[in-house]
Amino acid sequence: MEQETGIKYREPLTKGELDVQRWRNTQVGMWAWIWQRISAVAIIVFLGLHLTLTYKPVIQFLLLATVTFHAALGLRIILLDFNIVNVKYQKALIAGLVALGIVIFIIIWTRIY
Amino acid sequence: MSQKRIINIFRYDPTTEEKGHYDRFEVAIADESKTTLLDVLFQIQKTEDSTIAFRYACRVSMCGSCGMVINGHEGLACKTIIGDIKAKEITLRPMNHFPIVKDLVVDMDPFFDKFKQALPYFDNPHTAGAPAIIRPDSKEREDIGLSTECIACGCCVSSCTMMYHHPEYLGPAALNRAFTLLADSRDGLYDQRLIRVMSSCYNCRLEFNCTDVCPKEISPTRAIKYIQRCALKEPFRKIDPRQPAVEVHPVIEEQAAGNPEFSRRRFLKRVTYGLGAATALALGGVLASATIGPSIRRTPKQWLRLGGLEAFAPGQVKTISVHYDVMDGFYKSQKIKPVMVYRGLDSNDLVVYNSRCTHLGCTVHWDDTKHIFLCACHGGAFDLNGDVKAGPPPRPLDKHNFKVADGNLYVEMS
């Protein structure tokens with residue numbers, strides 16, 4: 001206890017603070033979370049572009065790609081949340097669902113264009 | 001054969017320093033496959049720098065004292081074999097999210113404060129005598145599994161980024177402990193414990209950092225998911241009448257006053273509402289313009305040639321199909337519409353009728369024997385002036401604008 005001992009504690013370190021090795025050792029589960037957040041923001045941006053500049057293949061491509069990616073990772077969260085898939089398969093789920101997403105993406109994209 | 005390894009150790013001296021720094025040690029290790037990181041720390045303390053501070057007790061990964069961040073990954077120093085670390089340099093750093101006392105030693109009080117909040121003990125005030133026995137092969141026991149093996153080393157709490165973003169979050173260790181007791185049917189504090197962990201369990205973002213670092217290979221994520229499902233089932237749970245409900249206020253609310261987390265929460269709430277309103281406005285705008293747009297949009301008119309005037313005999317009605325293209329957004333659609341041209345006996349007397357019946361839009365045709373425009377659908381009939389002669393049409397036939405130029409007849413279509 002700070003008051004009792006009179007020792008000045010250093011404030012807690014946070015993730016990556018003074019730690020060059022941290023990001024190199026970040027596991028796939030956390031990357032999935034980070035990339036899902038990033039793709040969520042990207043969806044808002046691309047959706048806005050899609051509504052203002054309609055029927056531009058580039059924007060449609062990016063929007064469909066980010067939505068599929070975000071949905072694949074979101075599906076993983078749902079499956080884990082409701083214990084449909086055991087949490088020990090979380091890493092396999094990322095690879096599997098993202099691969100499934102890519103396949104669906106290619107099918108949809110080749111059907112449209 | 002002894003090998004040299006470089007060990008960078010985080011140093012913090014509370015009497016002289018503010019932030020802390022790294023000290024670099026070069027250590028000769030006799031046999032890397034038999035040397036733990038804790039052994040190396042002893043060696044450094046004996047031979048290089050006796051002031052270095054670290055915590056340990058059992059040396060066999062049972063007590064959870066020597067948790068630290070080893071090359072960016074939380075672990076126990078006593079369990080980590082030097083030979084297993086591939087990187088040439090080893091960086092040791094105290095655990096995240098705990099106040100640092102000195103060097104690698106952190107203050108674990110916040111950890112155990114949160115542990116206590118989750119009521120980490122077995123208690124059943126309602127049953128006397130020996131507790132019920134749970135069979136080893138029962139679902140309940142299998143659910144709990146090895147989660148009871150937690151040694152409270154704090155590695156999971158250090159690895160969880162949500163500990164920083166949500167100061168009131170109990171953390172993986174406390175929630176894992178709560179899970180082992182919530183899943184235990186013999187325990188009598190289910191309600192109180194669930195109330196205390198309820199708001200906390202939703203702070204998990206499923207990063208699996210705690211699962212990745214746990215030296216006992218427990219998955220606190222699994223525990224947190226179990227608690228979330230308990231919370232989900234709570235409204236539908238049958239209350240055991242033998243166990244009267246006990247009023248327990250969540251600790252969170254008691255701490256709420258003056259906590260910056262709650263102003264942050266208010267801010268996020270407003271941002272969410274704002275974003276929701278903006279999204280609703282954008283979507284509503286698009287839907288509204290798509291619904292109302294077509295009726296207020298002015299379609300471009302075009303003049304189309306029907307043929308030379310000489311093709312229309314006086315006193316005759318001639319039906320001509322007009323082919324033309326209309327742009328609908330990006331889509332070009334081809335339209336075919338029949339128009340009916342009547343040239344009166346006075347050669348300048350021309351009328352171009354729209355063949356669409358004014359009743360319900362069927363196509364009207366000219367009946368040459370009856371000298372009448374007839375609609376096949378509901379028996380509507382119009383005379384040569386377009387006036388209604390029989391049937392349900394409410395108004396005369398519509399007429400198209402036309403013009404005669406250079407001996408040709410043009411009609412305006414839209």
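I looked up the buried residues of helix H7 of chain B (residues 190-201), and I found Arg193(B), Arg196(B), Val197(B), Ser200(B) and Cys201(B). Buried here is said of a residue with 20 or more other C-beta atoms within 10 Å of its own, exposed of one with 12 or fewer, and partly exposed of one in between, with C-beta atoms placed from the backbone. These residues lie on the same side of H7(B), because they cover an arc of only 130 degrees around the axis, the arc being that of the directions from the helix axis to the C-beta atoms.

I noted that this is a predicted model, in which local features need pLDDT of at least 70 and side-chain atom pairs count only at pLDDT 80 or more, while totals for chains, interfaces and linings use all residues. Residues are numbered from 1 along each chain as its sequence is written, and chains are lettered from A and ligands numbered from 1 in the order in which they are written.

I then turned to chain A, which has four helices and zero strands (DSSP runs numbered from the N terminus, with H or I and at least four residues for helices, E and at least two for strands). Of its 113 residues, 18% count as buried.

Next I looked up where the chains touch, and 27 residues from chain A and 35 residues from chain B take part in the contact (C-beta atoms, placed from the backbone, within 7 Å). On the side of chain A that touches chain B, helix H2 (28-52) and helix H3 (57-81) of chain A each supply at least two residues, and H2(A) gives the most, with four residues.

Note on methods
Contact = placed C-beta atoms within 7 Å.
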